[in-house]
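Subject: Structure handover

Hello,

Here is the structure I promised to pass on. Please open it before you read my notes.

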Amino acid sequence: MARHAQPINPWPGIVAAAFVVTVVIAAFVGIGQRVEATSGLRIAEWQAVRFTVWQALLSALLSVLLAVPVARALARRRLPGHRVLVTLLGAPFILPVIVAVLGLLAIFGRKGWLNTGLGLLGLPEVSIYGAHGVVLAHVFFNMPLATRLILQGWQSVPAEQFRMVGQLGLSPRMVFRVIEWPILRQVVPGAFALIFVICLTSFAVALTLGGGPRATTIELAIYQAFRFDFDLGRAAVLSLLQLAVAGAAAVLALWILPPIALQNGRDRAVRRWDAPAPWGDAIWITFAAGFLLLPLMSIALSGLAGLSYMPLSVLSATWTTIWVACVSTVVLLALALPMAAWLAQARWGGAEALTLLGLVASPLMIGTGWFILIYPYVSPTAFALPVTALINAMMALPFAVRILLPPMRQVFNDYGRLSMGLGLRGVSNWRIVLIPRLRPQIGFAAGLTAALSVGDLGVVALFADPDVATLPLQMYRLMGSYRTEAAAGAALVLVALAFGMFWICDAWGRRHVDG
Amino acid sequence: MKYALTLAAMLGATTALADTPVLTVYAGDYFTSEWGPGPVLETEFEKICECDLEWSTGDLVPRLLLERERTKADVVIGLTSDVTAKARATGLFAPHGQDNSALTLPIKWTDDTFLPFNYGHTAFIYDETTMDAPPASFDDLLALPDDIKIVIQDPRTSISGLALVLWVQAVYGDRSAEVWDALSDNILTVTKDWSASYGLFTDGEADMVLSYTTSPAYHMFAEEDFTKKAAIFPEGHYFMVETVGKIAGTDQPELADQFLEFVMSRDFQTIIPTANWSLPSALPKADWPEGWTELPLPEKVLFYSETEAAALQADAIETWRATLSQ
Amino acid sequence: MRGGGGMLTVEGLRIEQGAFALTADFEVPKGRRVAVIGPSGAGKSTLLNALGGYIEIAGGRVEVDGQDVTDAAPDQRGIAMLFQDGNLFPHLTLAQNVGLGIRPALRLTEAEMAQMRDALNRVGLAEFADRKPGDVSGGQQSRAALARVLVQAKPLLLLDEPFAALGPALRAEMLDLTSQVARDAGATVLMITHAPKDAERAADDLIFVEAGRVDPPRAVAEVMADPPEALRAYLGR
């Protein structure tokens with residue numbers, strides 16, 4: 001009996017997924033070797049679990065709710081500098097956490113622009129510290145991602161449909177029902193789950209803006225168990241708990257994803273006929289730009305002031321950082337592309353939850369587990385950078401797959417039979433069909449990974465060679481030795497590098513789209 | 001992976017020459033960075049040891065616990081008093097062999113395994129240009145108006161944060177919960193580590209920051225800024241010390257001993273204040289670098305031995321957490 | 001056990017898709033152009049997709065040019081197929097799209113380049129070689145797809161209404177071009193159509209499909225002169 005023919009062999013994708021699972025399981029096994037008597041979970045940890053889930057839900061909800069009108073406005077309007085704006089609006093997501101917090105404080109902090117303005121108007125001060133600060137920061141980070149994912153969904157609506165809308169003279173409400181709502185139903189649950197998981201594993205943000213121990217996250221409890229109490233058993237239990245919560249959320253979200261309804265279109269430029277009065281969109285775009293770009297501006301300003309204090313030796317870490325980012329990106333693509341191809345052809349997309357493993361299994365836990373495994377044989381220092389690159393890639397995997405999957409499905413739907421009929425298999429199919437068709441998404445995913453890798457302190461700090469430093473590590477070292485201004489300068493270099501690498505990849509991806 | 005190994009091997013090869021003995025010293029990341037004391041101490045020690053001193057950075061105790069007998073460390077530097085109990089329990093350390101009576105600490109030191117190399121005290125730092133009435137005592141601190149904001153570190157992730165909890169315990173004992181309650185309105189936020197707190201303070205977000213009595217020294221001597229002050233309290237300040245220990249299974253016992261000797265030497269002790277912004281452990285005050293004697297220091301010093309601290313720590317942290325979570 | 005020298009032999013073919021089932025048993029002699037006609041939802045597309053190897057079959061055998069291709073991959077069956085849409089990659093030029101029919105790796109030798117240019121020439125697209133599908137008209141896109149079929153040189157050509165979106169005149173022109181291409185390539189053709197006129201114009205034989213049942217091919221003129229009951233209902237006569 002003939003098996004169902006598929007344009008791309010799913011096995012490399014399954015192998016990639018198995019690899020990710022193995023890396024995580026091996027880390028747990030490594031830790032398992034060293035688990036001694038553990039005190040188990042205490043009341044403090046249960047409170048941390050509750051707070052973590054609550055803030056993650058709220059953050060994900062707000063991020064997505066705010067992203068919908070912003071993405072809608074961006075999809076409908078072609079403003080001057082539209083492309084730059086879309087790129088810039090994505091920036092907070094790739095900002096190193098610690099830098100972003102400084103930027104947020106410059107706007108919303110006690111001495112920030114907002115409170116200064118309120119003070120001038122004789123209004124009471126607004127405090128960013130507390131649970132709401134954590135949520136605000138998470139929205140700041142993740143709304144750009146949500147916007148981008150939703151915008152991508154919007155842009156997948158074929159131009160033909162909008163022509164039809166123009167022809168029928170549908171009201172905005174009908175347009176929403178007929179075209180936009182089905183798209184949102186496909187994009188929003190995935191984006192929501194992803195952001196929920198990101199916020200679940202958040203750690204640095206919650207601590208600085210949380211205002212106190214009320215805002216303790218699971219990730220902090222893991223950190224405490226690992227590094228302070230050295231209770232590997234409790235750390236492992238907490239990691240598993242985090243994995244379970246995130247996994248449940250992911251599976252649930254993917255479950256409620258409706259069956260994929262695909263649309264056909266020819267590569268025509270989208271021209272919208274349904275745009276209503278412009279001021280609503282303008283307000284949303286202005287709001288997003290203000291919220292997302294002002295903190296960036298303040299980072300740039302304080303960074304410029306700090307550049308002169310920054311020792312030039314900081315720059316020597318740039319090459320290491322770029323090297324790690326490039327390796328991360330290559331590893332990511334090697335994992336994400338086959339996995340997306342596998343998932344895009346699978347009947348049920350629930351296996352996508354596997355991609356979240358690397359993000360949810362705390363990097364600290366993967367790093368420590370592998371340290372235990374590697375140490376008897378070779379110096380872990382030699383592996384600090386490769387392991388960091390691998391973990392960075394695994395952390396970016398869920399984003400990359402989420403970005404790649406919908407258009408990949410579309411390509412298989414539209415051109416799968418054509419490819420098979422022509423015998424375009426394996427490498428040829430990737431080269432001639434998939435990569436050219438998915439170029440914008442590949443560029444975006446690669447850029448995201450490179451930027452996240454640049455900004456991540458990562459496990460390199462766990463066992464770094466003192467001579468091999470990455471930029472974030474240098475920045476932390478400056479901060480740890482009272483050199484706050486110099487650290488602000490280094491932060492600017494870091495942001496510029498993250499942004500530069502993102503921009504190169506993203507621009508590569510978009511080069512042929514408009515042409 | 002292969003490339004990474006080659007790269008690592010090349011990096012390693014530049015320092016490890018064939019017949020020079022290598023002394024591997026584990027240290028915290030801050031210690032060996034180019035802005036820490038590591039590089040200058042390495043140069044000074046290599047002048048006298050005819051050896052190659054190699055720093056290896058990371059979390060000291062977790063790393064030792066993971067590596068155990070297989071550890072490559074000969075010496076470990078930077079163990080704070082809150083982790084010495086765990087470090088001692090590994091059984092990896094040998095007696096330091098130095099004379100404790102040569103120490104010039106404000107407390108009596110009898111430990112023959114872990115040798116102090118510098119110290120300081122917890123203190124709240126403020127900027128005298130923005131703070132008109134700094135608290136003159138811990139009781140004053142508790143009575144500060146709500147709009148004076150303090151930033152502290154989390155005792156579950158930071159050594160200075162833990163020291164604060166023990167400090168409160170030492171001063172107030174069973175009344176700790178009341179202290180946290182009184183402070184809760186003043187606490188702007190709690191950060192994971194010291195540097196994040198200090199950044200908030202220098203950025204003007206907080207009026208006071210939990211730091212060390214020696215912090216003003218950095219501003220004075222590195223920036224010529226004399227506005228940053230430590231609030232000195234008559235109730236006493238918690239003692240913070242960093243120690244160095246020798247690994248029993250070292251394959252370089254002579255070099256390790258020589259390093260410990262170096263720690264007690266005048267060279268090391270005069271370098272450490274400005275290199276690590278802390279007070280030397282074995283140097284009479286008269287020999288301190290210029291200006292350091294003018295640094296205001298507390299009369300009374302509070303300290304729990306590692307066994308006392310171990311007994312108190314969990315409850316003290318829980319009191320902190322529970323009170324501030326309300 | 002098999003029928004005599006037909007180009008396409010379908011034996012006991014069964015397709016099951018949920019509640020829908022289709023069975024087919026027929027043979028198409030070499031060089032014939034066969035119209036597949038029948039009401040919407042009867043299973044015409046399903047039949048062609050099964051022959052092309054794109055959907056799973058529940059049983060039976062498919063033979064093309066004497067070879068058993070039941071389990072072969074779509075490109076190993078001696079079949080070229082044109083779909084309702086998605087016959088050209090929008091990001092490739094017409095020349096590249098045609099080139100794919102010669103060599104899926106897209107690295108053509110000089111001789112293959114000449115072959116590709118010749119094919120474009122024969123469908124009248126010589127000067128559009130470097131355009132992308134989005135930049136040419138629907139008719140020109142169809143021509144490009146036919147040019148590729150020409151270079152693919154498969155013995156059997158399946159058409160799943162690729163010209164449905166074109167106007168009557170243009171569609172007739174494309175059908176003529178298809179006949180010509182098929183003749184030049186010596187290919188046998190199975191084409192789905194809704195219009196009896198198209199069948200009369202471009203087909204020798206006719207297969208009627210209704211509710212999962214596939215009638216064996218009969219000469220178009222013969223069938224049209226005396227359509228069976230079901231076909232008569234479909235034709236509205």
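Predicted model: local features only at pLDDT ≥ 70, side-chain atom pairs only at ≥ 80, totals over all residues.

Residues are numbered from 1 along each chain as its sequence is written, chains are lettered from A and ligands numbered from 1 in the order in which they are written, and side-chain values use heavy atoms, with hydrogens and water left out.

**Chains B and A**

The contact draws on 68 residues of chain B and 63 residues of chain A (contact means heavy atoms within 4.5 Å). Together the two chains bury about 5600 Å², with 59% of it on carbon and sulfur atoms. Buried area here is the accessible area (1.4 Å probe) that two parts lose on being put together, summed over both. B:Trp35, B:Leu66 and B:Arg156 supply 16% of the area that chain B buries against chain A, more than any other three residues.

There are 13 residue pairs in polar contact between the chains, both residues at pLDDT 80 or more. A polar contact is a pair of N or O atoms within 3.5 Å; within protein, one must be able to donate a hydrogen and the other to accept it, and residues adjacent in sequence count only if both atoms are side-chain atoms. On the side of chain B that touches chain A, helix H9 (residues 194-202) gives the most, with seven residues. Helices (H or I, at least four residues) and strands (E, at least two) are DSSP runs, numbered from the N terminus.

Two salt bridges also link chain B and chain A. A salt bridge is a side-chain nitrogen of Lys or Arg within 4 Å of a carboxyl oxygen of Asp or Glu. B:Asp207 meets A:Arg110 in a salt bridge, at 3.3 Å from N to O.

**A:Arg110 again**

A:Arg110 also forms a salt bridge with A:Glu125, at 4.0 Å. That pair links distant parts of chain A, 15 residues apart. A:Arg110 counts as buried, at 12% relative accessibility. A:Glu125 is exposed, at 53%. Buried means under 20% relative accessible area, exposed over 50%, and partly exposed in between (1.4 Å probe, protein chains only).

**Strand E10 of chain B**

How many of the eleven residues of strand E10 (residues 237-247) of chain B are buried? Eleven of the eleven are, so the strand is largely enclosed by the rest of the structure. Two strands pair if DSSP finds at least two bridges between them.

- Strand E3 (residues 75-80) of chain B pairs antiparallel with E10(B) over five bridges. B:Val75 stands opposite B:Lys246.
- Strand E4 (residues 93-94) of chain B is antiparallel to E10(B), over two bridges. B:Ala94 stands opposite B:Lys246.
- Strand E5 (residues 115-127) of chain B is antiparallel to E10(B), over six bridges. B:Gly120 has B:Met240 as its bridge partner.
- Strand E12 (residues 301-302) of chain B runs parallel to E10(B), over two bridges. B:Tyr238 stands opposite B:Leu302.

**Salt bridges in chain C**

Over all chains, the structure holds 35 salt bridges. In one of them, C:Asp198 and C:Arg171 have their closest N and O atoms 2.9 Å apart. C:Asp198 lies in helix H6 (residues 196-202) of chain C and C:Arg171 in helix H5 (residues 168-185) of chain C, so the pair ties together parts 27 residues apart in sequence. C:Asp198 is buried, at 11% relative accessibility. C:Arg171 is partly exposed, at 22%.

Best wishes
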